[in-house]
Amino acid sequence: MRHKSIALISLVIAGALAIGSQIAVVKAAPAVDYLPWLTGSYPEPIDPATGLPAFVPFEEVMSPLSGTRDSSKVLTNGDGNHVAVQVTDGPTQSGSIWSTYTLDLTKSFDARMNLYFNNGTNLGDGMAFVMSGAKPTQVYGIGSALGIWRSQLRDGAKMAALPKSFAIAFDTTDNHDRQDHNVVQMKAGQYVGWGYPAQTNQSAKSLGMLDTGLEDLPIQWASGNSYGDPGLGGYQALDNAMTDGTWHPLHIHWEAAGDGGGTFSFDFEVGSDVVSKSLTWSPDDVSKYFDSTTVYWGFTGTTGAYVEDAVVAFQSIPGVLDNSMTADVATDAVYPGTTLSQNYTITYDPNASLQAWPQPSNGQQSSLYAQLLTGSHYGFLMADDGKIHLDLGGGKELLAENESGEQPRDMTDRAGNPVRVVNKIALDTVPPFPKNTTMQELKFSAPIIATDVGGAETVSAGTVIGNNGQATTNVSLPAVVPEPLALDSVPSFTFGEGSAQKITVGELIDGLNAKPGIASGNISAAIPDGATNRLTAKMASFQLGPGYQAGSAHLTFNYNGAIRTLTDDNSETELFNVTGSQLPDGAVSQPTLTIAPYPHATVGKHSTTIDWTLTSTPVMK
């Protein structure tokens with residue numbers, strides 16, 4: 001009898017983990033009880049980062065000049081709160097509003113305002129943010145002077161510039177024959193300038209009479225002068241007009257150096273135009289500009305024949321509240337599905353604040369409202385009750401809900417558990433800060449999860465709001481990198497073919513007993529640290545023919561110092577189970593095949609498959 005050999009070949013494929021999904025319906029967070037805006041008139045200023053109202057009342061801390069020709073108007077809501085100031089709104093006006101207290105330049109401070117100019121034609125002339133070492137008693141100049149620059153009145157009388165001051169001018173009219181003679185305008189014909197109105201060389205000397213009958217008294221900037229002595233400050237011309245009927249955010253920050261000097265910085269946005277400037281002042285500079293280490297601050301504006309509505313809403317008023325918020329996230333390696341904490345710290349210093357936060361109403365101090373955000377590759381983890389549990393420590397917590405309109409997403413964590421996430425959450429139960437004598441601090445942690453691969457980013461972490469002030473902050477989030485979990489190669493096995501020993505039909509009929517074969521390839525994988533990593537394999541049935549019973553064949557091989565056995569009934573065999581990124585040696589050797597007696601064996605080529613599955617589970621801490 002002639003016998004032919006048969007080859008038993010197993011084809012190897014890599015396994016995959018299937019993840020299911022589910023849909024959840026979550027109740028939206030309640031709307032915050034916040035100050036109402038004006039009825040009609042101007043649109044409500046909204047913080048673009050949070051979608052929340054961007055104004056606070058200022059009746060106790062900001063006031064127009066009294067007993068003068070100041071034409072500014074305080075705008076109130078239906079409850080009588082001062083929510084904005086209309087610096088100008090008619091021809092030949094002079095308006096201003098000033099703090100009722102001084103800022104100490106030996107201490108850092110921060111302020112946020114929103115500026116509004118209506119759209120239209122023949123608009124003018126703008127307004128200015130000002131700091132002054134002495135409380136002004138009048139608004140300086142008319143028209144293009146904006147209440148700060150040296151100018152000449154129609155009757156020929158010259159007006160000096162605002163003394164002891166620094167100003168940021170938001171100039172909406174191109175007065176090229178007067179103050180703006182040295183400005184190279186862009187498309188909008190408007191600019192933002194910064195300077196020291198009363199300092200020598202900030203304004204040029206009289207250069208003769210103009211057709212209007214007035215003298216040419218141009219502002220001299222530090223560069224770009226066509227004549228005169230070297231000037232001061234600088235400007236940025238705009239492509240986008242400020243006079244567009246929308247609010248434009250202005251952020252002011254003073255970082256005290258501790259020696260009487262410091263760095264003044266501001267950011268102002270008009271569409272795609274961003275004006276960002278930092279100015280470092282020595283103690284001598286502060287003395288020269290202000291003649292004091294304390295300053296009043298506010299806004300001024302003037303109009304001539306041209307008219308516009310120049311309006312300011314205060315979002316964060318320096319000195320009223322000495323409060324702040326910070327947020328941070330650990331910067332270890334992060335993979336999709338990794339859970340972390342976004343940690344918040346809110347502080348309030350009553351000794352450096354004029355008011356409690358929030359201000360009591362009818363003798364009662366309400367809670368603060370918070371809206372919290374995280375990065376584009378992260379989400380806040382929702383618990384089974386549909387809320388986000390913020391850990392205060394000591395077994396205490398605050399409960400947040402997904403912000404109205406935010407749709408939860410479904411995903412799995414690194415352990416394969418289904419979770420729900422949302423990018424924006426809110427709560428109206430943040431404890432208030434009373435005005436006592438003790439420095440106060442609130443810390444809590446919000447659970448977040450990495451949702452997908454993406455780069456490191458710094459984003460808004462949210463805002464805490466009371467009826468008299470806000471605190472906002474950013475958070476820097478680490479990059480989310482691809483999971484270092486990969487099964488790069490696995491072995492295949494060949495029996496009865498090539499250099500392997502031949503297998504006869506007779507051997508299969510009598511039963512194959514530990515027949516040697518050939519192993520091609522090793523186990524090669526990449527596994528992450530800080531996790532339990534497990535490799536398993538299972539072999540499908542050979543299906544040799546009629547009457548063959550799954551589980552009759554057994555493949556053995558040597559791996560990692562031990563004999564491993566796979567049975568062709570899809571039962572799972574563990575190859576390794578390790579914690580950390582150190583893999584066992586990948587060599588696979590000495591394969592053998594054992595098959596129970598099979599009386600219906602025939603000549604032919606048979607094969608089966610082995611599924612290899614590599615899983616990784618984070619170590620619980």
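This is a predicted model: local features need pLDDT of at least 70, side-chain atom pairs count only at pLDDT 80 or more; totals for chains, interfaces and linings use all residues.

Biologist: Which residue does Arg534 meet in a salt bridge?

Modeller: First the general idea: a salt bridge is a side-chain nitrogen of Lys or Arg within 4 Å of a carboxyl oxygen of Asp or Glu. The side chain of Arg534 meets that of Glu574, at 2.4 Å from N to O. Arg534 belongs to strand S36 (residues 531–539) and Glu574 to strand S39 (residues 573–579), so this pair ties together parts that are 40 residues apart in sequence. Strands (E, at least two residues) and helices (H or I, at least four) are DSSP runs, numbered from the N terminus. Salt bridges with shared partners also join Arg534, Glu572 and Glu574 into one network.

Biologist: How many salt bridges are there by this rule?

Modeller: The count comes to seven salt bridges. One of them is between Lys387 and Glu401, whose closest N and O atoms are 2.4 Å apart. Lys387 sits in the loop between S22 and S23, and Glu401 in strand S24 (residues 396–402), so the pair ties together parts 14 residues apart in sequence. Lys387 is partly exposed, with a relative accessible area of 24%, whereas Glu401 is buried at 13%.

Biologist: Which residue forms a salt bridge with Lys164?

Modeller: That is Asp291, with the closest N and O atoms 3.4 Å apart. This pair links distant parts of the chain: Asp291 is in the loop between H1 and S17, and Lys164 in the loop between strand S10 (158–159) and strand S11 (165–171), 127 residues apart. Lys164 is partly exposed, with a relative accessible area of 36%.

Biologist: What should I look for in the backbone?

Modeller: Most residues other than glycine have a negative phi, and most peptide bonds are trans. Asp291 has a positive phi, near 55°. Thr92 also has a positive phi, near 45°, and is placed in the loop between strand S4 (82–88) and strand S5 (94–99). Thr92 counts as exposed because its relative accessible area is 61%.

Biologist: Where is the peptide bond to Asp125, and is it cis or trans?

Modeller: The bond runs from Gly124 to Asp125 and is cis, with omega near 0°. Asp125 is found in the loop between strand S7 (109–117) and strand S8 (126–132). Another cis peptide bond goes from Trp357 to Pro358, with omega near -5°; Pro358 lies in the loop between strand S20 (339–348) and strand S21 (368–373).

Biologist: Now for the rings. How do I describe two aromatic side chains together?

Modeller: A pair of aromatic rings is described by the distance of the centres and the angle of the planes. Rings of Phe, Tyr and Trp (its six-membered ring) pair if their centres lie within 6.5 Å; planes under 30 degrees apart count as stacked, over 60 as edge-to-face and the rest as tilted. The structure holds 32 aromatic pairs. Among them, Trp37 and Trp247 are edge-to-face, at 6.0 Å centre to centre with 80° between the planes. Their pair links distant parts of the chain: Trp37 in the loop between strand S1 (7–14) and strand S2 (62–63), and Trp247 in strand S14 (residues 247–256), 210 residues apart. Both Trp37 and Trp247 are buried.

Biologist: How many Å lie between the centres of Tyr196 and Trp281?

Modeller: The centres of Tyr196 and Trp281 are 6.2 Å apart, and with 65° between the planes this pair is edge-to-face. Tyr196 is buried, at 6% relative accessible area, and Trp281 is buried too, at 2%.

Key. Residues are numbered from 1 along each chain as its sequence is written. Side-chain values use heavy atoms; hydrogens and water are left out. Buried means under 20% relative accessible area, exposed over 50%, partly exposed in between (1.4 Å probe, protein chains only).
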